[in-house]
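Hi,

Here is the model I said I would send over. Have a look at it first, and then read on for what I found in it.

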Amino acid sequence: MSLLEVSGLNTYYGDSHILFDVALTVERHEVVALLGRNGAGKSTTLKSLMGVVSPRAGSIVFDGVEIAGRQSHAIAQAGMQLVHEERRIFGSLNVEENLILAGLTATNRWPLERVYAMFPRLKERRQSRGTDLSGGEQQMLAIARALVREPKILLLDEPFEGLAPIIVRDLLTTCRALAEAGQTILVVEQNISAAMTLADRVYILNNGHIVEMLTAQTVREQPQMLHRHLGV
Amino acid sequence: MFRQRPLVIEILTVIGLIAAPFVLPYLDFTPTTMSRILVWGLFGIGFDILFGFTGLLSFGQSAFYGTGGMVAAYLLTRVGFSHVLFPVIIGTIVAAIVGYLVGLIALRRTGIYFAMITVAIAEVFYFVEFNPLSDYTGGENGLPGVPTPTLPLGFTTIHFNTDWSLYTFFAFWYFVGIVIALRIVRSPVGVIFSAIRDNPLRAAAVGHNIHGYKLTAFVVAAAYAGFAGGLLGVLQGFMPPEAFTFDTSGQLVMQTAIGGAGTLFGPLLGAAVWLYLSDFFQNTLELGATWKLVLGVVFVLLVCFLRRGLIGGVKDLYELMARRGAAKVEPEEPAAVPGMAAEDEQKAARIAFAREPAPPAMPAARREDVKVSGPILQASGLTKRYDGLLANSDIHFTVNRGELRGIIGPNGAGKTTFFKMLTCEVPPTSGKIVFEGRDITGMSVTDVCQLGLTKSYQVNQLFTQLTVRQNLTIAALAERRGKFRLDMLRRLSKISGLAEQVEHTLELVDLAGHPDKSVSALPYGEKRRLEVGLALACSPSLLLLDEPLAGMSPRERIDMVKLLRSISQGRTVIIIDHDMDSLFELVQRVTVLQEGRVLVEGTPDEIKGNKAVQEAYLGGVLAA
Amino acid sequence: MINWSNFISQVFNGVVLGALLALISSGLTIIYGTLGVLNLAHGAMFMLGGYAGWLAYTYTGSFIVAVIAGSLFGMLVGVVTERVVIRHFYSRPHEDQLLVTFGLGIVFVETVRFFFGSLSKTVPPPPGLVGITPLGFMFYPTYRLALLGIVAVALIALYLVLYRTRIGMIVRAGIEDSVMVDSLGIDVYKVFMLVFGIGAMAAGFAGIVNAPVVSIAPDVGEAILVQTFVVIVIGGVGSFPGAVLGGFIAGEIISITSMFNPGYSYVMLFAAMTLVLVLRPYGLLGTAGRE
C-alpha cells in the first residue's frame, strides 16, 4: 500500500477551479517531485493535502486513512508536515521556541540536540527571533520545524526559491541526507535541476492537470520530455 | 431594489402614513408612540444610508442626534425663536458640519477601528454635553420649554399642538426624509455607496474617490440625525440629555438590524417593534425592565440567523418562492469530454481555435487621443525593494499604442510586483513611469484609472451582491462623472451616455444575455468575463490584464482567448499569464522577466527559440 | 496654582487606574489579535466578574473567595461565549461580529439587571486593607494602594503566562499566524476558546478587585469599554505591550485632567486617540495589517 494515494482531487479558490482531477501516489521512502510552470497549481496541491485548503472533491488516502477535507491539525497528527512556500516562521518567537512549539503535540518528537546536529547554524542562532533570521536560516528553521514532528511524509513547497546558490547547495545536501535516511518527501520546485538531484520520480502539472509521470531515470536519459512541458 | 417603478414606494409610504392613525390604535399604539416611532425612523434613515448602504457601522450617531436637537432647542428656548422649523434646520446644518469634522477623524480607518472611534465619539459628546457645556444644554435636566410648531398661512395659523396634529407634522417630515433618501439611493452616489459596501478596493480601482463618498454618507447620516434630534425636542416639549448617550446609538443600531438594514424602512419597523414590545412588556405583562433583555436576546438571535432583519427575511421568503417557479439555470461550461486526456483536449481545442476566422474589429475606446502613435507607456529605471529583498531592479519597459504585449517569467521574476507598480498599486522605490506623456509615478490607483490606465485582477474583484449591469454601471459612472461628484439627487437615467456605455461593454464581454442576474449566481467563466468587463467599462486607453486565464478549464481558456483578441482591437493591452501556449497565440510581443530584471523582448517565435529564456525556465536541464 | 499633594495623589490614582485599564485592555487586545474579533461585550464581562465576586462575598464573607469567583466566572463566560456563539462568526463579515458581541453585551447587562436590579452594590475591601495609609506628604486610601499591587501582580502573571509558558507561546504564535499553528498539530479552535477565556478572565478579575473602589452596577462596563478602546487604539491593536503602555497613558490622562475638570477627561482621551491616529495610525506599539 502506498503511503500517499491521491485520486480525483479537485480544488477551488472560491469558484476558480485550480486542480482538475489530480491523481498521484507516493511510496514509502521515495522522493517524488511535482513540477510545473507557476500558476499550474503545485502549491495548491500541497495545500490541499495538508488541509490548508479544502478540496471540493477527491480522495486523499494517507497511510491507509482518508484525510481529504480534514482540519490541518488532525492531518499533522496523522504524520504529514508541510513546509510552506512563504515559510511562515513565527517572527515574534525565537528559533528554539519555534522548534519547541512544533513538537508540542507530536507523538514522537526529535530532541532539540538532534535538530541542532542536522542544522548547526540554527544552534548558533537559537535565541534569535524569527524576524532576525536571514532567508536561508528561515528556510532551515521551517524545514527543521517540520522534522521535529518526525513526519511520515514531508511536503516541501519551493524550498530553494529565492536563496543564494551556495545556500541551495547546503540545503540540497541536507535534503539528500534526509532522503537517504529514508524520509519520504514530496517536493514542489521550479528549480528543476535541484529537484532532479533529489527525486526518484516526477509528476508534471500543467494548468491544474497532471499530464505526465516520469522516473528520474527517464528524465536523465531523455531530458527533452521535461522540456516539452516546462520550457517555453 | 429601488430601481424599478420609481413612484410606487413613495405612494405606498403616503398611504401607510395616512392609514396608520386609523389602524394602529387597535394595536394599542398611542399617537405619541407613533410620533416617536417616526422620529426614530427618521433618525434611522440616515443611519441606514451609512450602514445598510455604505457598510459603515457607526455606534456614535447619538452625537449628531443630540447636537442637532440641542442647537434647535437652545435657539427655541433660550434665544427666543418662535417658529420651530428654522431652528431645527439650523440644528441639522450644525449636526452636518460636526459630522463632517468627526468624519475626517473617524474615517481615517476602517472596520473595527472605525467602530471603536465612533463609540468613543458617542461618549465624548455625552460628557461634553453633560458637563462643560451644561449652561447651554441644561446638563442633566435638558432644555425644557420647546414649543410646538405653527404654520402661518396668512389668513389663519395652524397650531400643531395636539397629539394627532403633531403626528401629522412628523408624518409629513418623515415623508420628506424618505423621498430625499430614495433620491439619494437611486442616484449615482447611491450606487457608489453600495459599491463601497461590497468591494471598496475595486470601487477605488475603477476610479472613484471612495474616501470622499464615505465622508458624504457620514455627513448625510449626521444631518438626518440632527434633524430627528430637533424633532425629538418638539415631540417631548423638552430636549433630553439622554439623546446623547451611547445607549441611544446602540438602540438605533439594534432597531435597524431588527427591522432590516439596507431597506431605508428597516429603522422604522425596528422602532415600531421596539416601542411596541417595551409598551407590551411594561404595561400588559407588567414585567418591568425585562423587555430590554428580551429585545437583546431577539437581536442576538436575529444577527445569528436572520441577518437581514425582518424586512430582509420577508424578501428572502419572497425570492425563495419566486425561484421555485423559475426554470433551472443551465451550466455555462460543458463538462470535459470523457476519455480524452486533458492535454489532448487542450491541443484539439487550440487547433479548432486557430482555424476560426478572426473576429470583426470592435470600435476603439472613447478617449481623446493624446498622441496618435508612439509609446503610450514608458517605465524607466523601475526598482522595488522590500526590506532588503530586491523584487524589481532597474526595469526599462516601453509599450507602443495599439500593441498587444505579453509579460512572462519564471517564479520569482517579479512579475506581480512589476505589474503592481504599473497600475500604481505599489509605489516604486525608484524610477519613473510615464503614461501618455504624463508622469504618473506615485499617483493613486484612482487617479491613474481616471487618466485611462486600469487593470483586471487575477482573483475576481467584483461587486458580488450586485447584478452584472450594476457592476458595469459602477465602473462607467467613474468614467462619466470623474472621481468625485455630489450629484445625490440626480437620477441615474439622466447621466448621458451611461446606459450606452454599459450596453456596449456588455456586448464586448458577451454578457448581454442576462445582465440583471446577480453576480453570485454566475458561473466562473462569466465572472471572469465580467472582471475584464469592469476594467473595460472604465474606457481605458491602456488595459492591463493580470492572469485573465487563471483557474480556467481548457474550454474556458479558448473562449477567453477569443474574447481577449476581440477586445484588444483598437486598444493597447498588456497581459501577464502563466499559460504560455494561450498567451503566445494572442500577443504580438513578449517581455521576459527574470529575477527582477528584463531578460529579453521579442516576438513569440523569437522568445520560444531563445536559449537564455529556456535556461531561465529549465534551470540547467536542457536537451542535449 | 497647583496643589502639589493633590497632584501627586492624582498621578498615583492615574497609575492605579492605568494598571487596571492595562489589564482589561490586554484581555481585549489578545482576543482581537488571536481571533480577529473585537469583543464589544468586554465591558459587560468586567461587570459580570464584579457581580460574581459580590455574590461569592455575600455567601462566604471572604474577599479572596470573591476574587477567585469573579475571575473564574469571567473565564467561564468567555469560554462558553466563544464556543457557542463566536465560533460561528469567524467567516462572517466584521460588522456581524461587532453586532453579535454588542448584542451579547446588552444581554449580559440586562440579565444582571433582571436578577439584581439597577441599584449599585458594594463590596467592602478586606479588613486588613480599609482606611488610609500615610505616605509621608499625603494620605492615600489603603485599598487603592493594595489594588495597585494586586493588579501589578496580575499583569506580571499575565506577562509570565504569555512569555514564559508553552500555552503563552501558542497564544503568541496564534496572534501571528493561527493557520500555521494549526498546521503544527495544535487545534486552533481550542486555542481561540482558551484565549477568549483568558481575556474575559482578565476583565472579570479587574471587575471584582475594582469593586471596593467603585461600587458595581449593571452599567459599569460601558465606561470601561470606551476607555479600553481608546487604550488599544493608542497602544496598538493586538499588542500586549501596547495595551500596557496605552493603559498607563490613558490612566494618567484621566486622572490628571479630572483635577481640572472631570468632564474634560474624555475629551483629552479622545484628543490623545486622534493624535495617535494621525501620527501613528497603527498605534504606538502596533504593527500594520491588523485591521
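Let me start with chain B, which splits into two domains: domain 1 covers 6–320 and domain 2 covers 375–618. Do keep in mind that this is a predicted model. The C-alpha centres of domain 1 and domain 2 of chain B are 43 Å apart. The two domains of chain B do touch, with 23 residues of domain 1 in contact with 31 residues of domain 2.

On the domain 1 side of that contact in chain B, four helices each put in at least two residues: α7 (163–186), α8 (188–198), α9 (200–205) and α10 (210–236). The largest share comes from α8(B), with seven residues. If you sort the residues on this side of domain 1 of chain B by class, you get 11 nonpolar, eight polar and four charged.

The axes of α7(B) and α10(B) are 12 Å apart, and the angle between the helices is about 175 degrees. Angles over 145 count as roughly antiparallel, so that is what α7(B) and α10(B) are to each other. If you want to pick out the contact on screen, select B:Leu166, B:Phe170, B:Trp173, B:Gly177 and B:Ile184 on α7(B), then B:Val220, B:Tyr224, B:Leu231 and B:Leu235 on α10(B). Eight of the residues in this contact between α7(B) and α10(B) are nonpolar and one is polar, with no charged ones.

Now for chain B as a whole. There are 24 helices and 14 strands in chain B. The C-alpha trace of chain B spans about 95 × 55 × 50 Å along its principal axes. Of the 624 residues in chain B, 51% are buried. Take the contacts in chain B with a separation of 6 or more: 75% of them are between residues 24 or more positions apart.

While you are in chain B, take a look at B:Ser539. This residue is not a glycine, yet its phi is positive, at about 50 degrees. You will find B:Ser539 in the loop between α20 (524–536) and β11 (542–546) of chain B. Is B:Ser539 buried or exposed? The cut-off for buried is 20 or more other C-beta atoms within 10 Å, and B:Ser539 has 23, so it counts as buried.

A:Asn207 has a positive phi near 50 degrees, and it is a residue other than glycine. A:Asn207 belongs to the loop between β9 (201–206) and β10 (209–215) of chain A. A:Asn207 counts as buried because it has 27 C-beta neighbours inside 10 Å.

Last, the place where chain C meets chain A. Here 16 residues of chain C are in contact with 20 residues of chain A. On the chain C side that touches chain A, α6 (166–176) and α7 (178–183) of chain C each supply at least two residues. Which helix gives the most to that side of chain C? It is α6(C), with six residues. By class, the side of chain C that touches chain A is made up of eight nonpolar, two polar and six charged residues.

Cheers

Terms used:
Residues are numbered from 1 along each chain as its sequence is written. Chains are lettered from A and ligands numbered from 1 in the order in which they are written. This is a predicted model: local features need pLDDT of at least 70, side-chain atom pairs count only at pLDDT 80 or more; totals for chains, interfaces and linings use all residues. Two residues are in contact if their C-beta atoms, placed from the backbone, lie within 7 Å. Ala, Val, Leu, Ile, Met, Phe, Trp, Tyr, Cys and Pro count as nonpolar, Asp, Glu, Lys and Arg as charged, and the others, Gly among them, as polar. A residue is buried if 20 or more other C-beta atoms lie within 10 Å of its own, exposed if 12 or fewer, and partly exposed in between; C-beta atoms are placed from the backbone. Domain bounds come from an automatic or database domain assignment. Axes are lines fitted to C-alpha atoms, for helices over the stretch in contact, and angles run from 0 to 180 degrees between N-to-C directions. Angles under 35 degrees count as roughly parallel, over 145 as roughly antiparallel, 65 to 115 as roughly perpendicular and the rest as oblique.
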